[in-house]
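Here are my notes for you to read with the model open beside them. Take the points one at a time and find each place on screen as you go.

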Amino acid sequence: MTHASSSARRVGYSILFVLAMAAALVPMVSGSLGPVLPGSVNSIGSMTLLSMMMVHAALAITLYLLVGVSGVLTFGHGLYFALGVYISVIVTNTFEINYFASGAIAVVASAIISTFVNGLALKAGIVGYSMITLAFAEIMALAVGRGFLNSGGDTGVTLDDDLIPNAFRGLANTPRLFWLSLALLVVIYASVWFLERRTKFGHVWISIRENELRTEMLGYNVYGYKLVASVIASTMASICGVIYGLVVAGAQPEVAKVLFCLGLVVMVILGGRNVIWGALIGGLLHTYLNLRLPALIGAHEQSSLPRILEIPLSEPDFFIGICFVLVILFLPNGIASLFTRNRRLPLEPG
Amino acid sequence: MNAFILILLTGISVGCLYFLLASGLALIFGLMNVLSFAHGALLTFCGYVSWTVVQQMGAVVGWPGFFLALFCGAAAGAIASYMMELLVLRRLFGRPLEQLLATVGIGIAAVALMEGLWGPDELLMTLPPWLSKATIVGAGIVIPNNRFVIILFALLVLAFLLLFLTRTRQGIIIRAGVENREMVQALGIDVQKSFSLVFAIAGGLAGLAGGVGLILYRAINPGLGDSVLIFAFIVLIVGGIGSVTGAAVAALMLGIIQAMANFYIGPGAGDMLVVVTLAVTLLVRPAGLMGRKGRIA
């Protein structure tokens, strides 16, 4: 549901196309942006940072399919990402098979688990759903924290160097990981856009978001449509997880934590839940702040900051949390609403 | 036998902790349809307040000092919760989903701030010496004293809460508000006052939960509240969202299941089993044990 005219939309697509093309050329740039990036633009550190940002943005876009398109608020979306990362890394290490083969196993497993979890959780109301999905995500966090199934506990699992596909092994191939992440982002963005705008499912999802009761009355199986949306979104999330496992060459317990799951919702709402590129902005920005804010603050002289400011600024989550509350209070449609004329308030479930 | 009774009492103690957090959430949700994700952070915050008060008293803590610390924690919780309602949630009145999201943001920010202030590592709590000892009950059954205190504590809170809800004017207004808020408003009663009161009470309960957490684990870390919060959510769903008695029953049940399985099956098994219980409840009784839409007590 956009109010933008078709010409404005065409401008939007052109901007995205140019952006994607420009992003593909980033690994060729050797200049420096000062403290904005950890090194020169095509240094290993910057490439990894940018790759992680893009994978997280892709993940946020899969969540947009639920929160933005279907109006289903889940707090357990990180579960499928974590499953994607952990299963593909552990299966590769254990059975010494091709990383992408175990990635496929991870995606199938996530889809099955998602069908089960969402099938159950959707039986509860909208608030119950958000709590139950979070509870299942917590199970993953607990299992990983205790190191079940060789998940390594607090240290996580490192992907065996010999088992990383040749094309992506070693520091010299970091640009390829960057392109892989960019490709993931483009594919996920296009798929979610297509699902929302060009399929019957998309229309029904939007109608569920706008008025669930009316959709039900029209004879649509709301439960079924929500379940399909959840399973598609979770499966896409696990694909993001598979790529992420390759980007960071392992699985770290941070991605299984509840804070990570909440962070995903923050990304979508912060960026703006009404438009798909809101999730894109939110995902990029949230990940950047999370990974880079401490270093940015550290770039200034620590001693020049009073202690009372030092603590909040060295904890990116504090800064992000406060921004998030302010956005909800004063900018309900997120950062994206700064760039559109669409001021429609987000709808409450009717 | 010894182990069995010990684990049973541990389970009940953990259940008490869940109940203190879940009962506040049940009250808030029953009256305002708001789910507070900041409640875990609130528990942690109150725990840190109590910890700091005790820390000021030196190496040995007596009972008066200890109760003063618990009281400070509960008061801090009530004030913080009231401020949250006043400054943020009231502005989003009638938009439960936005309110829920706002509490998520507050929770994330609060936990990060506490990590900055008190450090990410676990801090050990000084307790009155009696609490760290154990009592021999009957033939060779040794029970740590803290279990008794926690259970007594929770029983008192439950009794107080039920008395308040059934015997006082404000309590009756809150219950009426849960049944039908519009009707209560139409009778000329200021429901807004009840909202603030409920938030203050729930904050105080979270503060007491922080104290119970300190007694039970003898330590505190920034993630304590959030790990309890997840189980409090499960307690809410299993008990029936919005029902205080349901929360009490479910908290006891889940606490015992969790402690038993963690001991007899293996560490971590209890946590999984709690979620299995959640799944079974959803399949068999989707509204929860005592779930009738909009009922408390």
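1. Start in chain A, where the axes of helix α2 (residues 44–70) and helix α7 (residues 200–210) come within 8 Å and cross at roughly 55°. Axes here are lines fitted to C-alpha atoms, for helices over the stretch in contact, with angles running from 0 to 180 degrees between N-to-C directions. Helices are DSSP runs (H or I, at least four residues), as strands are (E, at least two), numbered from the N terminus. So α2(A) and α7(A) are oblique to each other (under 35 degrees is roughly parallel, over 145 roughly antiparallel, 65 to 115 roughly perpendicular, and the rest oblique).

2. Who touches whom there? On the α2(A) side look for A:Leu65, A:Gly68, A:Val69 and A:Ser70, and on the α7(A) side for A:Gly202, A:Trp205, A:Ile206, A:Ile208 and A:Arg209. Contact means heavy atoms within 4.5 Å.

3. A word on the ground rules: this is a predicted model, with local features needing pLDDT of at least 70 and side-chain atom pairs counting only at pLDDT 80 or more, while totals for chains, interfaces and linings use all residues. Residues are numbered from 1 along each chain as its sequence is written, chains are lettered from A and ligands numbered from 1 in the order written, and side-chain values use heavy atoms, leaving out hydrogens and water.

4. Now hop to chain B, where helix α6 (residues 169–179) and helix α8 (residues 191–217) pack at about 105°, their axes 10 Å apart. That makes α6(B) roughly perpendicular to α8(B). B:Gln170, B:Ile173 and B:Ile174 of α6(B) meet B:Ser194, B:Leu197 and B:Val198 of α8(B).

5. B:Asp271 forms a salt bridge with A:Arg146, their closest N and O atoms 3.4 Å apart. This pair crosses between chains, from helix α11 of chain B to the loop between α5 (126–145) and β1 (157–158) of chain A.

6. One last stop: B:Leu283 also lies in helix α11 of chain B.

Methods: Salt bridge = Lys/Arg side-chain N within 4 Å of Asp/Glu carboxyl O.
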